[in-house]
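Good morning, and thank you for coming. Please look at the structure that I am about to show.

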Amino acid sequence: MKTVLVTIASPPERPRWLRAPAPVGKNYRELKDLIGRLRLHTVCESAACPNVGECWNQRTATFMILGNVCTRRCGFCAVEKGAPLPVDYDEPHRVAEAVAAMGLRFAVITSVNRDDRKDGGAELFALTIRAVRERVPGCGVETLVPDFQGSHAAMETVMAARPDVLNHNTETVPRLYRQVRVGARYERSLDMLAYVKESRPNTPTKSGLMLGLGETLDEVRAVMRDLRSAQVDILTLGQYLRPSPKHLPILRYVPVEDFAALKREACDLGFRHVESGPLVRSSYHAADAVT
């Protein structure tokens with residue numbers, strides 16, 4: 001069945017219960033100043049995350065390495081697209097400095113897609129993990145990685161640095177990939193997650209989906225089963241929120257009851273930790289999954 005995520009119908013009305021705290025407060029301002037001073041990027045700001053106020057006031061952030069310009073043009077993402085920035089080999093040390101300044105015991109590191117590089121940026125992930133561990137011994141690290149164009153060698157570069165959690169998002173259901181994840185393949189993402197579990201069976205793996213782009217609940221359930229077949233341990237499910245009129249439309253606001261039901265079903269499938277709710281994002285309450 002052909003699916004095109006374009007509609008001339010009026011968008012669904014945003015539910016009153018779907019509201020996030022405004023990004024204000026002392027910790028928020030201090031963290032914003034720190035990120036600016038160290039010339040770092042966060043997915044919190046670059047991807048217009050609705051939880052930036054909550055998370056930054058709790059002194060948590062997801063650092064985005066390898067610049068803030070992505071080589072792919074996914075229709076759901078607010079990160080800038082275009083020619084990639086030069087690789088900054090001092091960036092891992094500045095991330096580590098920020099982790100120390102924030103007093104973090106658990107850090108999340110992600111990146112833009114870097115299809116211009118043979119290893120997809122895996123080297124910088126490994127350098128950043130090691131820099132954080134050297135600067136803040138005992139700090140846990142979750143890496144939210146791209147698909148590295150299916151390169152097991154690139155994934156091995158990351159895994160050799162021993163992240164505490166390896167996260168790679170499937171984002172949506174297979175039927176919608178051509179519209180939602182331009183340049184990605186569902187089977188490739190599953191393969192990369194399965195490879196990690198085969199090569200490092202003791203490392204927790206994680207994946208997440210956005211809902212509201214036109215998928216059915218049965219399709220979501222099928223993806224959950226596929227993820228468990230790949231031995232993925234941790235699952236996040238959240239509502240897609242359109243960053244701007246230029247991005248893919250929201251076709252449905254998923255009721256909180258559906259999120260709760262999917263969480264129960266995911267737990268029954270064997271996921272050891274599930275975050276499921278309208279404002280959940282892939283790094284939301286990340287430390288809770290491993291503590």
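In this talk, contact means heavy atoms within 4.5 Å. The model before you is predicted. With that meaning of contact, let us turn to one pair of helices. In helix α5, the residues A122, E123, F125, A126 and I129 meet A154, T157 and V158 of helix α6. By class, this contact has 6 nonpolar, 1 polar and 1 charged residues.

How are such pairs described? Two packed helices are described by the angle between their axes and the distance between the axes. Here, the axes of α5, residues 122-135, and α6, residues 152-159, come within 8 Å and cross at roughly 10 degrees. Angles under 35 degrees count as roughly parallel, and therefore α5 is roughly parallel to α6.

I now move to the interior. In soluble globular proteins, nonpolar side chains tend to be buried together. In this model, the largest nonpolar core has 41 residues. F63, V99, V132, F148, M155 and V158 have the most contacts inside this core. Among the elements that give two or more residues to it are α1, β2, α4 and α8. Which element supplies the largest share of this core? That element is α5, with 7 residues.

Let us take F63 as an example. Leaving aside residues up to four places away in sequence, F63 touches several residues, including I35, L40, V95, V99 and I109. A second, separate core of 33 residues includes A184, A194, V220 and M224.

Finally, the protein as a whole has 10 helices and 10 strands. Of its 291 residues, 55% are buried.

Note on methods. Residues are numbered from 1 along each chain as its sequence is written. This is a predicted model: local features need pLDDT of at least 70, side-chain atom pairs count only at pLDDT 80 or more; totals for chains, interfaces and linings use all residues. Side-chain values use heavy atoms; hydrogens and water are left out. Axes are lines fitted to C-alpha atoms, for helices over the stretch in contact, and angles run from 0 to 180 degrees between N-to-C directions. Helices (H or I, at least four residues) and strands (E, at least two) are DSSP runs, numbered from the N terminus. Angles under 35 degrees count as roughly parallel, over 145 as roughly antiparallel, 65 to 115 as roughly perpendicular and the rest as oblique. Ala, Val, Leu, Ile, Met, Phe, Trp, Tyr, Cys and Pro count as nonpolar, Asp, Glu, Lys and Arg as charged, and the others, Gly among them, as polar. A nonpolar core is a set of buried Ala, Val, Leu, Ile, Met, Phe, Trp, Tyr and Cys residues joined through side-chain atoms within 4.5 Å. Buried means under 20% relative accessible area, exposed over 50%, partly exposed in between (1.4 Å probe, protein chains only).
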